[in-house]
Amino acid sequence: MLPNAVKVELDKVVSLLIKHGFADSYNFTSVRRIAGGDIAVEYDGKEDISIALKDLSYSDSYTELLKRKQYTLKLLDGAIIQLMYRFDSNCGLLKHRLCFMPSPFNDEFQNEPELYLDDAIYAEVVDRRILPVAIRFDFDPKNAVNVHHPHSHVTMGQYKNCRIPVNSPLSPSAFIEFILRSFYNTAFVDTVSLFDIAISKFENTITDDERGRLHFSMY
Amino acid sequence: MLNIIRGSTNKSALVPLMTEGLDGQGLDGFLFIGYPVISGPSQKIDIDALLITKQTGVVIVQLIEGAVDEDVVVRGVMNTTNVIKSKLLAFPDLADWDELKIPVRSLSIGPAINFNLSGVAADRVGLCKSREDVANRIQELSTYTGGLFEEALSVIQTLTKLRQDKPRNYVTKVNSRGAILKDLEGKISTLDVCQSQAVIETVNGVQRIRGLAGSGKTIVLARKIAYLHAKNPNWKIAVTFNTRSLKSQFRRLISLFCLEQSGSEPDFERIKIIQAWGSTSSEGIYYNACLSSNGKYYDFNSAKYRFGSGDSLKFVCKELLETVEKFKPLYDLILIDEAQDFAEEFLRLAYEQLDSNKRLVYAYDELQTLNDNSMATPSNIWGQDENGRDRVSLESLPWEPKKDIILNVCYRNPKPILATAHALGFGIYRSELIQMFDYAPLWEEIGYKSILGEIVEGEPVRLTRTPETSPTFLEDHSDIDDLINFNTFPSSEAQASWIVSEIEKNLNEDELRPSDIMVIHSDPRTTRTAVGEIRDMLMQKGIKSDIAGVTASPDVFTSDDSITFTSIYRAKGNEAAMVYVVNAELCSEGFGLSTKRNILFTAMTRTKAWLRVCGIGAAMDSLKKEFTTAKDNKFSLEFIYPTEDQRKRMRVVNRDMSELEKTTRKNVKQNAKNLVAALTSGEITLDELDEETTQQLQLIFSSKNKL
C-alpha cells in the first residue's frame, strides 16, 4: 500500500468510528515528508516522548498521553488508539506502530452504570469481570531477527519481550476491525454491515520458523 | 440604598451603633461586616467592617471594644488603611501614578475610649463615640463623586481575576460575534446583594442557598469557602457535590480566591473537596463517616448487590444512620452543592458529621428542574426533636445572617432565552401546562415580577423578568432573532447539514473559537450515536469535535481546538457562547414529560449569548409554536395559575415512569384499543359488558367532558 492509500483508508476508518459513536476525540492524520526523505503518516501534533515515558507505570503513561492528546483516536471508554506508518522515499513501508491502550481507570462506568447500560455500545465496557489489555502491532524489519523479533509482531500487555509473529504488516482497517470485533463486539456486531471498508493486505513477511510456531495470520 | 452584608464578627455589640449611625444618610453601596480578610506582611488582618458607597468611596470601619490606648487605635487605622490601599493600587484602573483615584478613609467606633484626638490623627482616625458621631463623620466623608465605584467593589470582592484567561486578541471585525464576546467578557464583575450575602453571611447552623440557572452559584460557593477558610483557618471544611466536573472547578476557584484575597494558597488539608460516596482510593463523606464510626461500608457494587436498583447512596446512608448510635464530629462546616441530586438520608448523614454548631450549607439548583417539590423542606429532611420542634429552621430575624438565600439574578442567559426556557419547561404556551410551582411566591423570588398583582390560584397571571434580575447588557448586543431561533427540519440529514454550515460560519466568519460552541443532544441515552452524523460531516470539513464523555479527567469540558458535543448530563454546570440543541423534538411530548422539558430547560440555559434549537418534524413544529407565542408576548409568561388539584393531576400525568410502569401502561392502553376494536367490529356488544363496567365508563366519559 502506498502512503496516500494508507491515509485514505485511515481517514475512512476514523470517519466510521466517529459516525457510529465509538470515538470521543481524535486528531487529523497527515502525510508528511520528514528528515532524510522519509514519509510519515501519523496524527497531527505527534510528539516524540517515547523515551520520556519509558519507565513510567502504565497509568502514568496513559495519563500523560491523554493529557498531551498523543493519539489518533480516543474511544468512548477512554481507550487510546495510535496509528503511525513510516515509508521510505520510494513509498516502501519502513515501519508501523498500531497501538490499542485501554484506560486503566474504569470507575466511572462502575459507579454510574445506569447511564450506560441502555446503550449497546457500552456492553463490554461495564462488565466487571474483564481485564483490559494493551495491544500493539509493530512492523520493524530493520530490527528483525528470526523468531525472536519477527518483522511483523504483536505485543500484549506491554511485556517487553512479547513479540508474537504476525504474517505481514497490517492496514488501518485490519487493525481497527480486529480491535472492534474483539473488544467492542456487541456494538460492532450491530453496525458491522455499515463497516464496509475492505480490509487491505500487505505482502507476507513471516519466516518459516515463525510460521511453525503460534502466530497471527491473515489470508 | 445601603446593603448590609453580615459576615461574622466577634464585636457584634458595636454593630447596631454602626448601622444606626449610617442609617438615613442616603448612602448607595455596601456595608460589609466582618469582611474582607486580608493578609498583611506578617499576619492576617481582619477588617471589622468595610463601607463602600458612591458618596463616601471606601471607608474602613474599626470597632473598638473597651478602653484601649491611643497608639493601638492609631496603629490599627494605619495598618488597615495601607493594606486596603495597596490592594486597590494593584489594579491599574484605580491608580493615578502612585495615588488612588478613589478615597480610602477610616471610621473608628469606640464608645468606651477615654481620650480625644486632634490634628492629623483625628482626621485620619475619625474617632466616634456615639451614633451622632458616626453620622457626623459620614457627612464629613461624603465628598466623593462616585466614579470607579464598580471597579473598587470588584477588587474588594476579589473578582478581578475571574476574567477570561484567554484574551480575544485575534478579533479584527468590529461587530463580529467574537467582538461581541470580547466586550461581554470585559464587563466588570461584581457580586450583587444576594450573592454577597451568600458569600459572607455565616450561620451557626444550617444555611440554604438556592440558585437560578446562571446565577453564578459555583463562584459564590467557592468565594464563600475562601472567605470562611481565611476567617477560620483551623476549621475543617468539607465540600461535596454530584457532578464530577465540579471538583476541579471548585479547587481552581477556591485557590484563585484564597490567593487573591489573602495572598496565600488555601490549606487543602483543611478544605477537603471530596465525593459524596468515597472509597479506599478517594475520600468521601459516606466513606469517612463509616470509618470514623466503624459502621459497615458498602462500595458501589456491593450496595447494588445488597439493595438492588434505585438510589444506592440513599440506602447505604440509611443503614449507617440506623446502625450507628452516635457519630464523631468530623467537620466544622460541610458544604453540599447540587443537594437536589442527593437523597435526604445523605443530608442527614452529613448533618451528623458536624460538631454541635451544625454548620451545614446546602445549595441547589432546584430551579433548574422547574419543580419545587423535588427538594424536601428542612422539616422533612431533619425531622423534629423530642419536643416536636423542627430540628432545623431556615427562618432568621432581620439583623441576623440570612439562613435562606436565593440568587435571583441570571448573569448568563439573555432574558428572552431564560423566559423561553421557563415557558417551554412549564409548558406555559402548550395546550396544557406540564408542571408548576406549588409555592407561587417562588416566581418572584427567582426574579420575575407579577404584573397583575398577587398571584392567585385559578386567576390569570402575567410574569416578566426585570432589568435588575436579567441585566439588559446580556441581550442588547444582538437582534432577538439572532439571540434565539427555533428550526424545524424534515430529516436528520437536513438538521445535520444546517448545523454544520452554521458552525463553519461561526468559525470562519464570526470570529468564534471552537471552545465557544457547544452542541447538546436531548436524549442522554442515544447522544453518542445520534450526533455521529454531524461530527462526521464536520470531520470531512476539517473541523475537529469531541464528545464530552468518560475520561481519566472528567473535569475537562472544552478544548481549544475542538467543538464540544455533549449529552445533557455532562452539559450541566457548563456554558458556551453559541449553543445548538439537537433533536429537541424528543422533548416535545410523551412519557415523563416533566423530565423531558427539564432537559430542554437545562440545555437552553447553557448559553451565554446565542441559542439555536433544532429538531425534526411535527413535534418540533409544536415546540416552535410555543416559542413563537412566548415571543409574541414579548417574553412575558401569561397563563392561568393552576389550582392544587390541577397541579396534582399534572404531576401524575407528566411524571417520570419506571420501566415496569411503562410496560403496564402500554398494556392497559393496548387493551383499551382492543376493546374499541371489538365493539366496533361487533365482536362484542355494549350489552354484553356487565352493567357496572358500562356505568363506570359512562361516568368517566361524562366527567371528562366537564373538565
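The structure holds 1 cavity of 30 Å³ or more; a cavity is a set of points on a 1 Å grid over the protein atoms alone where a 1.4 Å probe fits but cannot get out. The space in the largest cavity is about 30 Å³, a volume being the space filled by probe spheres set on the points, which are joined across faces, edges and corners. This is a predicted model, in which local features need pLDDT of at least 70 and side-chain atom pairs count only at pLDDT 80 or more, while totals for chains, interfaces and linings use all residues. Residues are numbered from 1 along each chain as its sequence is written, chains are lettered from A in the order in which they are written, and side-chain values use heavy atoms, with hydrogens and water left out.

**Cavity lining and K69(A)**

- The largest cavity is lined by S25(A), Y26(A), N27(A), K69(A) and Y71(A) from chain A, together with K544(B), D546(B) and S562(B) from chain B; lining residues have an atom within 4 Å of a point.
- By class, this lining has 2 nonpolar, 3 polar and 3 charged residues. Ala, Val, Leu, Ile, Met, Phe, Trp, Tyr, Cys and Pro count as nonpolar, Asp, Glu, Lys and Arg as charged, and the others, Gly among them, as polar.
- K69(A) sits in the loop between α3 (58–67) and β4 (73–75) of chain A; helices (H or I, at least four residues) and strands (E, at least two) are DSSP runs, numbered from the N terminus.
- The phi of K69(A) is positive, near 55°, and K69(A) is partly exposed at a relative accessible area of 29%. Buried means under 20% relative accessible area, exposed over 50%, and partly exposed in between (1.4 Å probe, protein chains only).

**Chain A and S30(A)**

- Chain A comes to 8 helices and 9 strands, and 48% of its 219 residues count as buried.
- S30(A) belongs to strand β2 (residues 29–33) of chain A.
- The side chains of S30(A) and D44(A) are joined by a polar contact of 2.6 Å. A polar contact is a pair of N or O atoms within 3.5 Å; within protein, one must be able to donate a hydrogen and the other to accept it, and residues adjacent in sequence count only if both atoms are side-chain atoms.

**Nonpolar cores**

- The largest nonpolar core has 77 residues, of which W443(B), M604(B), W610(B), F639(B) and Y641(B) touch the most other members. Such a core is a set of buried Ala, Val, Leu, Ile, Met, Phe, Trp, Tyr and Cys residues joined through side-chain atoms within 4.5 Å.
- Apart from it lies another core, of 58 residues, including I84(B) and F257(B).
- In soluble globular proteins, nonpolar side chains tend to be buried together.

**Helix α1 of chain B**

- In helix α1 (residues 15–22) of chain B, 6 of the 8 residues are buried; among them are L17(B), M18(B) and L22(B).
- These buried residues pack against several elements of chain B, including β1 (2–6), β6 (57–63) and α4 (131–141), where contact means heavy atoms within 4.5 Å.
- G26(B), in the loop between α1 and β2 of chain B, is exposed, with a relative accessible area of 54%.

**Backbone features in chain B**

- Most residues other than glycine have a negative phi, and most peptide bonds are trans.
- Y35(B) and P36(B) are joined by a cis peptide bond, with omega about -5°.
- F635(B) has a positive phi near 60° and counts as buried at 6% relative accessibility.

Key
On a 1 Å grid over the protein atoms alone, a cavity is a set of points where a 1.4 Å probe fits but cannot get out, and a pocket is an open set with protein on both sides within 12 Å along at least five of seven lines; lining residues have an atom within 4 Å of a point.
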